[in-house]
Amino acid sequence: RYSRDALTGGILHIGTGNFHRGHQAIYMDRLFNAGHDRDWAIVGAGVRAADGTMREALRTQDWLTTVVEQEAGSSHARVTGSMIDFVPPDDRAALLAWMMDPAIRIVSMTVTEGGYFINPGTGEFNPDDPEILRDAANPRAPSTAFGLIGLALSRRRAARMPAFTVMSCDNIPHNGVVARNAVAGLARLHDGDLARWIEDNATFPNAMVDRIVPATTDRERRMLAEDFGIGDNWPVFCEDYIQWVISGEFVQGRPALEEAGVQFVDDVTPFEFMKIRILNGGHATIAYP
């Protein structure tokens, strides 16, 4: 119920895999359908070579994604249009240009739990990881998502532009704190003043995200074509349940996600416990036997 020509970018998202397209992109699509905040469309991005395959699959269908929500005995397909562009993963200049665009007020990410450079022994940011050390030695030519975010924030500081919000959408307890430690921790290795500026000016809300979104295979493509008559290079199949709980500030504002079903709370901790201990623990208990 909206013209995609009327959308303009407000969120740059790093890691446009199945979970992002079946979760955050769904909430934005709901919001646009309800007539709200059409200046917050998503610009996709990636930092891995494999992201190029995803980009090519979506480019030929104008960045549209079919999401099939499944429940016992029924399924429902919807075509979502909340993404308006996708930066090639090998074009760092284009990615930085988007992050320097004043219209981009949120940089969000889904880079998996393993992508935050956490020391498994301490649970803290690991400044000795080889990729982090490489970015610290080459701050103007980083390769990680956190190095690129830090470089964009450095350029915004130099240009006297406001910082943006960094919003983690990964299944990590207090993911905003973890993202803040990664961005500022990497910056601290080569520029302490920049690290302090990031901590003082950027915001990193915490979020609990929940939806089961399996990988896509030819089976899902075939089911989509047979059941719904839709051809999609990379559809998303998922459960019909979805939840997103957020706590924290957004330095340059945010879309009215509460109008699309997102819960804004003072503390995400109880929701994280519910997700990790009851849901994930229950799934593991069933799966192991």
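**Legends to the close-up views**

**View 1. The whole chain of the predicted model.** The protein chain has an accessible surface of about 13000 Å², and 51% of this area belongs to carbon and sulfur atoms; areas come from the Shrake-Rupley method with a 1.4 Å probe, and for residues only the protein chains shown count as cover. In this predicted model, local features need pLDDT of at least 70 and side-chain atom pairs count only at pLDDT 80 or more, whereas totals for chains, interfaces and linings use all residues. Residues are numbered from 1 along each chain as its sequence is written, and side-chain values use heavy atoms, with hydrogens and water left out. The secondary structure comes to 10 helices and 11 strands, which are DSSP runs numbered from the N terminus (helices: H or I, at least four residues; strands: E, at least two). Along its principal axes the C-alpha trace spans about 55 × 50 × 35 Å. Of the 289 residues, 51% count as buried, a term for under 20% relative accessible area, with exposed over 50% and partly exposed in between (1.4 Å probe, protein chains only).

**View 2. The largest nonpolar core.** A nonpolar core is a set of buried Ala, Val, Leu, Ile, Met, Phe, Trp, Tyr and Cys residues joined through side-chain atoms within 4.5 Å. Among the 40 residues of the largest one, Leu12, Ile14, Met99, Ile149, Leu153 and Ile198 touch the most other members. At least two residues each are supplied by several elements, including strand E1 (9-14), helix H4 (92-100) and helix H8 (192-201), while H6 gives the most, with seven residues. A second, separate core of 29 residues includes Leu7, Phe32, Val213 and Cys238.

**View 3. Gln243 in strand E10.** Gln243 lies in strand E10, which covers residues 243-247, and it counts as buried because its relative accessibility is 9%. The side chains of Gln243 and Tyr241 are joined by a polar contact of 2.9 Å, that is, a pair of N or O atoms within 3.5 Å; within protein, one must be able to donate a hydrogen and the other to accept it, and residues adjacent in sequence count only if both atoms are side-chain atoms. Beyond its neighbours within four places in sequence, Gln243 is in contact (heavy atoms within 4.5 Å) with residues including His23, Tyr27, Asp210 and Phe271.

**View 4. Ala57 in helix H3.** Ala57 sits in helix H3 (residues 51-59) and is buried, with a relative accessible area of 12%. Leaving aside neighbours within four places in sequence, Ala57 is in contact with Asn233 and Trp234.
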